[in-house]
Amino acid sequence: MKEFAEAFYKSRAWQRTREAYAASVGGLCEDCFAKGLYRAGEIVHHKQALTPENIGDPSVTLAWDNLKLVCRDCHAKEHGSTKRYKVDGMGRVNTV
């Protein structure tokens with residue numbers, strides 16, 4: 001999480017918005033669902049990235065039309081990264 005956004009992500013307004021939005025889309029990853037897959041959504045993603053300039057603008061930070069519920073894999077794709085895995089000493093697979 002970027003330092004300028006820490007207070008926002010801890011705010012009650014964001015917590016409520018995030019929970020309500022996730023419930024409104026049935027708790028499923030919207031990107032996977034569009035492909036016919038049923039995976040739990042874990043992250044409410046801002047389509048328009050938050051910046052120091054717009055972090056105080058609720059029409060960007062809290063507007064449902066700027067949000068999307070995604071799984072971790074789809075969130076990584078949104079940010080141009082790929083998911084990597086690591087196996088620990090007990091044979092459990094963990095994401096890196």
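Modeller: We will go from the overall fold to aromatic pairs, then to salt bridges, and end with a proline. Please keep in mind that this is a predicted model.

Biologist: Happy to. How many helices and strands does the chain have?

Modeller: There are 5 helices and 4 strands. Their order along the sequence is α-α-α-β-α-β-α-β-β. For the extent of the fold, look at the C-alpha trace, which spans about 45 × 30 × 25 Å along its principal axes.

Biologist: And what share of the residues is buried?

Modeller: Of the 96 residues in the chain, 28% are buried. Taking contacts between residues at least 6 apart in sequence, 54% join residues at least 24 apart.

Biologist: Let's turn to the aromatic residues. How many aromatic pairs are there?

Modeller: The count is 5 aromatic pairs. To read a pair, check the distance between ring centres and then the angle between ring planes; planes over 60 degrees apart count as edge-to-face. Take Tyr21 and Trp64: the ring centres are 5.5 Å apart and the planes stand at 90°, so this pair is edge-to-face.

Biologist: Where do Tyr21 and Trp64 lie in the chain?

Modeller: Tyr21 belongs to helix H2 (residues 12-24), while Trp64 sits in the loop between helix H4 (58-61) and strand S2 (67-70), so the pair ties together parts that are 43 residues apart in sequence. The two partners can also be read by their accessibility. Tyr21 has a relative accessible area of 6% and is buried, whereas Trp64, at 41%, is partly exposed.

Biologist: Now the charged side chains. How many salt bridges does a search of the whole structure find?

Modeller: The search finds 4 salt bridges. For each, read the distance between the closest N and O atoms, then see which elements the partners come from. Lys68 and Asp31 form one of them, with those atoms 3.3 Å apart. This pair links distant parts of the chain, since Lys68 is in strand S2 and Asp31 is in helix H3 (residues 30-34), 37 residues apart. Lys68 is buried, with 14% relative accessibility.

Biologist: Which residue does Asp73 form a salt bridge with?

Modeller: Its partner is Arg39, and the closest N and O atoms are 3.2 Å apart. Asp73 lies in helix H5 (residues 72-78) and Arg39 in the loop between H3 and strand S1 (43-46), so the pair ties together parts that are 34 residues apart in sequence. Asp73 is buried at 18% relative accessible area, and Arg39 is partly exposed at 35%.

Biologist: What is the distance between the closest N and O atoms of Lys68 and Glu78?

Modeller: In that salt bridge they are 2.5 Å apart. Here strand S2, with Lys68, is linked to helix H5, with Glu78, across 10 residues of sequence. Glu78 counts as partly exposed, at 35% relative accessibility. When salt bridges share partners, you can follow them as a network: Asp31, Lys68 and Glu78 are joined into one in this way.

Biologist: Beyond individual pairs, how far apart are the mean positions of the positive and negative charges?

Modeller: The chain has 15 positive and 12 negative charges, and their mean positions are 6 Å apart.

Biologist: And the proline you promised: where is Pro58 found?

Modeller: Pro58 is in helix H4 and is partly exposed, with 48% relative accessibility. To compare separation in sequence with separation in space, take Pro58 and Ala7: they are 51 residues apart in sequence, and their C-alpha atoms are 14 Å apart.

Biologist: Thank you, I can now go back to the picture and find these features myself.

Conventions:
Residues numbered from 1 in each chain as written. Predicted model: local features only at pLDDT ≥ 70, side-chain atom pairs only at ≥ 80, totals over all residues. Heavy atoms only, no water. Phe/Tyr/Trp six-rings, centres within 6.5 Å; stacked < 30°, edge-to-face > 60°. Helix = DSSP H or I, 4+ residues; strand = E, 2+ residues; numbered from the N terminus. Buried < 20%, exposed > 50% of the residue type's maximum accessible area, 1.4 Å probe, protein only. Contact = heavy atoms within 4.5 Å. Lys, Arg positive; Asp, Glu negative; His and termini not counted. Charge placed at Lys NZ, Arg CZ, Asp CG, Glu CD.
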